Amino acid sequence: MDWPTTIATTVAALLTLAVFSFLYKDNPFYKFAEHLMVGVSAGYWVIILWYTVVIPKMWQPLEAGKWYYIIPIILGILMWARLNRKWQWVSRYPLAFYIGVSTGVAIPLEMKAKVIEQLNGSVDLVTTMYATQASGMTVVNNILILIGIIAALIYFFFSKAHTGATGSIAKFGIGVLMVGFGASFGFTVMARISLLIERLQFLLFEWLKWG
Amino acid sequence: MKLAEKMFAIDRRWVYLALGLAVLISLKIPFSIPIPISKEARNIYNFIDTLKAGDAVHLAIDYDPSTLAELHPMTLSILKQCFEKKIKVVVTALHQNGPAMAAAALDTAVARHAARSGEQMKNGVDYVFLGYKPYPALIILGMGQNYRIPFPTDYYGVPVDSLPMMKHIQNYDDVKAILNVSGTSATDYWISYGNGRYKVPLAIGVTGVMATDYYPYWQTGQIFGILGGLKGAAEYETLVGTPGKAVQGMKVQMVAHLIIIVFIIIGNIGYFAQRKKREQSV
Amino acid sequence: MKRQLPLIIIFVCGIFMVFQYFIPHENSEFIYEFAALDWPPIIGVFALTLGIISLVRVSATKISKRDEDWQYSIVTLLGLAAMIIAGLPWFGGQTSPAVKWQFDFIMRPIIATIFSLLSFFIASAAYRAFRARSVLASILLISAVIVMIRFMPLGPFTDIVSRTADWVLNVPNLAAKRAIIIGVGLGIISTALKVVLGVERSYLGRD
């Protein structure tokens, strides 16, 4: 490895070790790395926004004579009114435009993807069972999924007290949810360990060149 | 102090040390574990495998260094398969800390492909990197209308219209699928807005934390494949025939998981011993 | 003017976007592409800069008042300045080697390592809190352990464990997550409707 790369890798390794030192207790090395990351990330964001939005989406269109791009720019500048308490209310106009568009767009699409398609999928479990004349485990599993979905939804339904039959179904619903959360936990362990493995792969193989 | 009580009160730093050493040592010991391939991963591989040379896919790299460990191997493996099959790739990076990393991943994939086959993949011809724009939901919708709405230029500032590869690519109708490798909620937007509005086939590679949440979408067919966490990455590395960091990581995962299960057992033994003692005293 | 106009803007934009989805007419497509998809990210950029401005403000105030740990705020500001300078057009902009260097050797290792600390915390949490206290807690624990051992070579049990884990993911997990997705979906839609119809106004702040 050449000298510049060795130095750069060593800087990265020392910063890695500085962050790991937090495991023992909070200390100046960790605080240094943490604050440096905040500053550098903010700086990176400034650069990215400048070159990916300001130049191609504001400067270049105006330069090309597309004058109407002045409208979103003015609306954007109004956002900065937030910085002044007296004029803060002015920032509500661009905010309202943004919120109006993003909530309006969400209503039909979220309805479709998260509700209708999911209900469709649940009905499909039954219809495909008939269409394919499924047998054995498939039938049991599909029925279990359906019961599980209904029970868990009943658990989320708070307009009726969870007593009697509703209470029993809701309790089964919690059981189903617990299996789901358990599976998520199992996957989360794998996810977190992966991050550690990658860091140690870097320290051992890229920095120390062991093996 | 009795043994059971001691089990209940191990200092957290011993737990840290045990885990750290387990990972460190198992990284150094040469052994491997089999990587069985799941249907969720194979579906993605088969989909790309059946595409023709010259077809295009959209690879959405929506993660930052915090989840790079799990997701980078997926990105590199998918790029390898696409390059080998001569499939054109439109790449975007909708995480603010992601563009430099996505650009580096492309460079790595191009260099590896050149080393393997002697063939140099060209930016603008074999792949394009459009880069980053804020607010993923609206950007995803914008690209569905026309890639040029959010991205008049690519990451390097070159007008998209001047890139040869983009001449025949207007919007999602011109790509065969979107492959979203993500550590953020961008995946939800790709499902609701990308697949939901534009009906483009979608497959996802997500972190372990997120993976289980997307099985309902897999059953409905809103997504045609899932790569879940490092295991998903290792499966894809195996499928494309280049075992790398993810496959190496899986043996370490096994040891680390065993350590954690041992700690769960110790904690539970301690808990039941204490509970028994309490009940006896009552 | 201060409250009513923003509410009207939200209503008009929101209703337009809903109708546009169902009636994608040529004219509405034009407005959709420009005003709805092209402009909001431009406006939003100015909102994002507020975060950067407030970071600089907070750090500068901390330094000038010599608050606790004020020295680290200097590190933050120096990091910010170093990255911005590296990205100036004369050095090559966002693809300059100096930006790449700082990204690869400062940002990437620190962010990755901060998140890798979670591996230790989850191990400690598993030891301290993952107890079979009740039937429900035991279900959670068993499900987690099955998923955790699913990729391990367990001799004659390998196949059965792997198949059980598949079943957990594709049957009860699917049911649980689908119920959550439907709940979240309905939540998003009802909140969006409340915002568009002006019932929910907290985001406007106080006068």
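This is a predicted model: local features need pLDDT of at least 70, side-chain atom pairs count only at pLDDT 80 or more; totals for chains, interfaces and linings use all residues.
View 1. Residues are numbered from 1 along each chain as its sequence is written, while chains are lettered from A and ligands numbered from 1 in the order in which they are written.

**View 2. Chain B carries an open sheet of 6 strands with parallel pairing.** Follow the strands across and you get E3-E2-E1-E4-E5-E6. Helices (H or I, at least four residues) and strands (E, at least two) are DSSP runs, numbered from the N terminus, and two strands pair if DSSP finds at least two bridges between them. The edges are E3 (127–131) and E6 (226–228) of chain B, each pairing on one side only. On average, neighbouring strands here are turned by 15° against each other, direction ignored. Zoom in on E4 (residues 178–182) and E5 (residues 202–206) of chain B: they pair in the parallel sense over 5 bridges. B:Ser182 has B:Val206 in E5(B) as its bridge partner. Helix H3 (residues 39–49) of chain B lies across E1 (56–62), E5 and E6 of chain B, and runs at about 130° to E6(B). For angles like this one, axes are lines fitted to C-alpha atoms, for helices over the stretch in contact, and the angles run from 0 to 180 degrees between N-to-C directions.

**View 3. Chain B meets chain A through 45 residues from chain B and 38 residues from chain A.** Residues are in contact if their C-beta atoms, placed from the backbone, lie within 7 Å. Several helices of chain B give two or more residues to this side, among them H2 (12–28), H4 (68–84), H7 (186–198) and H10 (229–239). H11(B) gives the most, with 7 residues. By class, the chain B side has 22 nonpolar, 17 polar and 6 charged residues; Ala, Val, Leu, Ile, Met, Phe, Trp, Tyr, Cys and Pro count as nonpolar, Asp, Glu, Lys and Arg as charged, and the others, Gly among them, as polar.

**View 4. Chain C meets chain A with 98 residues from chain C and 91 residues from chain A.** On the chain C side, helices that each supply at least two residues include H1 (4–22), H2 (26–64), H3 (70–86) and H7 (172–196). That side divides into 78 nonpolar, 15 polar and 5 charged residues.

**View 5. Helix H6 (residues 164–207) of chain A crosses H4(C) at roughly 130°, with the axes coming within 8 Å.** The two helices are therefore oblique to each other: angles under 35 degrees count as roughly parallel, over 145 as roughly antiparallel, 65 to 115 as roughly perpendicular and the rest as oblique. H6(A) passes H4(C) in a left-handed crossing, the term for a near helix turned anticlockwise from the far one by less than a right angle (clockwise would be right-handed). Look for A:Arg192, A:Leu196 and A:Arg199 among the H6(A) residues in the contact, and C:Phe115 and C:Ser119 among those of H4(C). The contact has 8 nonpolar, 4 polar and 3 charged residues.

**View 6. H6(B) and H2(C) cross at roughly 135°, and their axes come within 9 Å.** H6(B) passes H2(C) in a left-handed crossing. From H6(B) come B:Leu138, B:Ile139, B:Leu141, B:Gly142 and B:Gln145, which meet C:Glu33, C:Leu37, C:Asp38, C:Pro40 and C:Pro41 in H2(C). By class that makes 6 nonpolar, 2 polar and 2 charged residues.

**View 7. Within chain C, helix H5 (residues 135–148) and helix H6 (residues 158–170) cross at roughly 125°, their axes coming within 9 Å.** H5(C) passes H6(C) in a left-handed crossing. C:Ser143, C:Ile146 and C:Val147 in H5(C) meet C:Val161, C:Thr164, C:Ala165 and C:Val168 in H6(C). The contact divides into 5 nonpolar, 2 polar and no charged residues.

Definitions and conventions
Two residues are in contact if their C-beta atoms, placed from the backbone, lie within 7 Å.
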